[in-house]
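Visitor: Can you walk me through this one? I'd like the fold, then a couple of residues, then a pocket.

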Amino acid sequence: MEDVGSRIKQITRELKHYVETRIELSVLNISDKISYLIGQSIQQLFGYTILGLGLIFGMIALSIYLGDVLDKEWAGYAIVASPFILLGLIFVVAKPKSIARKIQQQILAEFLDTLPNQQQEQEQLALKENKKKQSDKNG
């Protein structure tokens with residue numbers, strides 16, 4: 001009887017350890033994926049910032065050039081600024097939801113692409129544990 005009781009305690013300890021290990025593994029995998037996405041986002045943000053600064057300086061140069069050609073400095077700035085103002089008004093007034101949905105789908109797709117790897121790692125861990133249990137039973 002005491003063997004059964006001690007065996008049940010041992011099984012519950014092993015089960016508790018197994019569950020804790022699985023939770024820790026899941027937390028590590030999720031944090032790894034999140035840190036990767038954050039790093040990728042920061043890199044893209046930096047690239048878009050550099051691209052935006054280049055675009056701003058190019059637009060300023062074009063405005064100055066057009067102002068010299070038209071002999072009215074304000075006209076150059078107005079011509080260059082008008083497409084941006086119109087585009088900005090369209091985004092503010094129309095509030096296109098399709099763009100927000102596309103961004104959301106892209107972020108979700110990147111996150112879901114990382115999940116199959118996590119499932120494969122969990123399956124490999126389960127196989128290793130099963131082999132270990134089999135060797136413990138045989139040994």
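What follows is a short exchange on those topics.

Guide: Before that, this is a predicted model, where local features need pLDDT of at least 70, side-chain atom pairs count only at pLDDT 80 or more, and totals for chains, interfaces and linings use all residues. Residues are numbered from 1 along each chain as its sequence is written, and side-chain values use heavy atoms, with hydrogens and water left out.

Visitor: Fine. How many helices and strands are there in the protein?

Guide: Three helices and zero strands, in the order α-α-α from the N terminus. Helices are DSSP runs of H or I with at least four residues, strands are runs of E with at least two, and both are numbered from the N terminus.

Visitor: What share of the residues is buried?

Guide: 7% of the 139 residues. Buried means under 20% relative accessible area, exposed over 50%, and partly exposed in between, with a 1.4 Å probe and protein chains only.

Visitor: Take S63. Where is it, and is S63 buried or exposed?

Guide: S63 belongs to helix α1. It is buried because its relative accessible area is 2%.

Visitor: What does its side chain do?

Guide: A polar atom of the S63 side chain is 2.8 Å from the backbone oxygen of M59.

Visitor: And which residues is S63 in contact with, beyond four places in sequence?

Guide: G76, Y77 and V80. Contact here is heavy atoms within 4.5 Å.

Visitor: Tell me about V80, then.

Guide: V80 sits in helix α2, residues 73-94, and is buried at a relative accessible area of 8%. Leaving out residues up to four places away in sequence, V80 touches M59, L62, S63 and L66. V80 and M59 are 21 residues apart in sequence, with their C-alpha atoms 6.7 Å apart.

Visitor: New topic. What is the volume of the second largest pocket?

Guide: About 240 Å³. A pocket is an open set of points on a 1 Å grid over the protein atoms alone, where a 1.4 Å probe fits, with protein on both sides within 12 Å along at least five of seven lines; lining residues have an atom within 4 Å of a point. Points are joined across faces, edges and corners, and the volume is the space filled by probe spheres set on them.

Visitor: Which helix gives the most to its lining?

Guide: α1, with six residues. Both α1 (2-70) and α3 (97-138) supply at least two. The lining includes L37, Y48, I103 and E110.

How values were computed. Polar contact = N/O pair within 3.5 Å; in protein donor to acceptor, adjacent residues only side chain to side chain.
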